[in-house]
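Student: I would like to go through this model and check the words used for it. Please set each value against its cut-off.

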Amino acid sequence: MRHEHGGRRQRFFGHGELRLVILELLTRSASHGYELIKEIENLTQGNYTPSPGVIYPTLDFLQDQAFITITEEENGRRKIAITVAGQRWLDENQEQMESIHARISARCVGFQLRKNPQMKRALDNFKAVLDLKVNQGELSDAQLKQIVGVIDRAALEISQLD
């Protein structure tokens, strides 16, 4: 069982997804590394802030693939812009981008819900009971079917609330 302060948190983005997110952000305007970090933090409603150790290697990769250009400005900052090849790659992966947006929305909603103490208690209780039931021994197919049915009915009831 994972605890709030123990164990690893699930990665916010899957392999290669941050590249697509960065490219999409760059379609709005050219940017700098720090601004991209802030825009991703805003996009995820503060649930994820990529570190410079994640952003800059990703930018290096995108530059190596000729998906972005990085130019030095007079103030020493580096301006990052998407290239035609980068836009084409983003377009080719639009379905994955839509999936990323859907997952970000779902995770942000879940994050807000878990801030509510009553909701957090109820979710923790649900996870604990489910964990105990599933891990207490071998479940029969009938028991598993019952558990799945209970979860499906609860989901249906919640979806039908006004």
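Tutor: Start with a pair of helices: helix 1 (residues 17-28) and helix 3 (residues 52-64) pack at an angle of about 80°, and their axes are 10 Å apart. This is a predicted model, in which local features need pLDDT of at least 70 and side-chain atom pairs count only at pLDDT 80 or more, while totals for chains, interfaces and linings use all residues. Residues are numbered from 1 along each chain as its sequence is written, and side-chain values use heavy atoms, with hydrogens and water left out. Helices (H or I, at least four residues) and strands (E, at least two) are DSSP runs numbered from the N terminus. Axes are lines fitted to C-alpha atoms, for helices over the stretch in contact, and angles run from 0 to 180 degrees between N-to-C directions.

Student: Why is helix 1 called roughly perpendicular to helix 3?

Tutor: Angles of 65 to 115 degrees count as roughly perpendicular, under 35 as roughly parallel, over 145 as roughly antiparallel, and the rest as oblique. The angle here is about 80°, so helix 1 is roughly perpendicular to helix 3.

Student: Which residues make the contact between helix 1 and helix 3?

Tutor: Contact means heavy atoms within 4.5 Å. Helix 1 contributes L18, R19, I22 and L23, and helix 3 contributes V54, I55, T58, L59, F61 and L62. These residues divide into 8 nonpolar, 1 polar and 1 charged. Here Ala, Val, Leu, Ile, Met, Phe, Trp, Tyr, Cys and Pro count as nonpolar, Asp, Glu, Lys and Arg as charged, and the others, Gly among them, as polar.

Student: How do you know what to call the arrangement of helix 1 and helix 2?

Tutor: Helix 1 and helix 2 pack at about 105°, with their axes 11 Å apart. They are therefore roughly perpendicular to each other. L18, V21, I22, L25 and L26 of helix 1 meet L36, E39, I40 and L43 of helix 2. This contact holds 8 nonpolar residues, no polar and 1 charged.

Student: What makes a group of residues a nonpolar core?

Tutor: A nonpolar core is a set of buried Ala, Val, Leu, Ile, Met, Phe, Trp, Tyr and Cys residues joined through side-chain atoms within 4.5 Å. Buried means under 20% relative accessible area, exposed over 50%, and partly exposed in between (1.4 Å probe, protein chains only). The largest core in this model has 25 residues, and those with the most contacts inside it are F13, I22, I40 and I68. Two or more residues each come from helix 1, helix 2 (33-43), helix 3, strand 1 (68-72) and helix 5 (94-115). Helix 1 gives the largest share, 7 residues. In soluble globular proteins, nonpolar side chains tend to be buried together.

Student: Is I68 buried or exposed?

Tutor: I68, in strand 1, has 3% relative accessibility and so counts as buried. Leaving aside neighbours within four places in sequence, I68 is in contact with L23, L26, L59, L62, Q63, I80, A81, I82 and T83.

Student: And what makes L36 buried?

Tutor: L36 of helix 2 has a relative accessible area of 0%, so L36 is buried. With neighbours within four places in sequence left aside, L36 is in contact with I22, L25, L26, S31, L59 and I80.

Student: Is E17 buried or exposed?

Tutor: E17 lies in helix 1. Its relative accessible area is 9%, so E17 is buried. The E17 side chain reaches the backbone nitrogen of G14 at 2.6 Å. Beyond neighbours within four places in sequence, E17 is in contact with Q96, I100 and R103.

Student: Why is Q146 called exposed?

Tutor: Q146, in helix 7 (residues 141-159), has a relative accessible area of 57%, so Q146 is exposed.

Student: What is noted about the phi of Q45?

Tutor: Most residues other than glycine have a negative phi. Q45 has a positive phi of about 55° although it is not a glycine. Q45 sits in the loop between helix 2 and helix 3. With a relative accessible area of 49%, Q45 is partly exposed.

Student: Why is A66 called partly exposed?

Tutor: A66 has 40% relative accessibility, so A66 counts as partly exposed. A66 is in the loop between helix 3 and strand 1, and its phi is also positive, near 65°.

Note on methods. A polar contact is a pair of N or O atoms within 3.5 Å; within protein, one must be able to donate a hydrogen and the other to accept it, and residues adjacent in sequence count only if both atoms are side-chain atoms.
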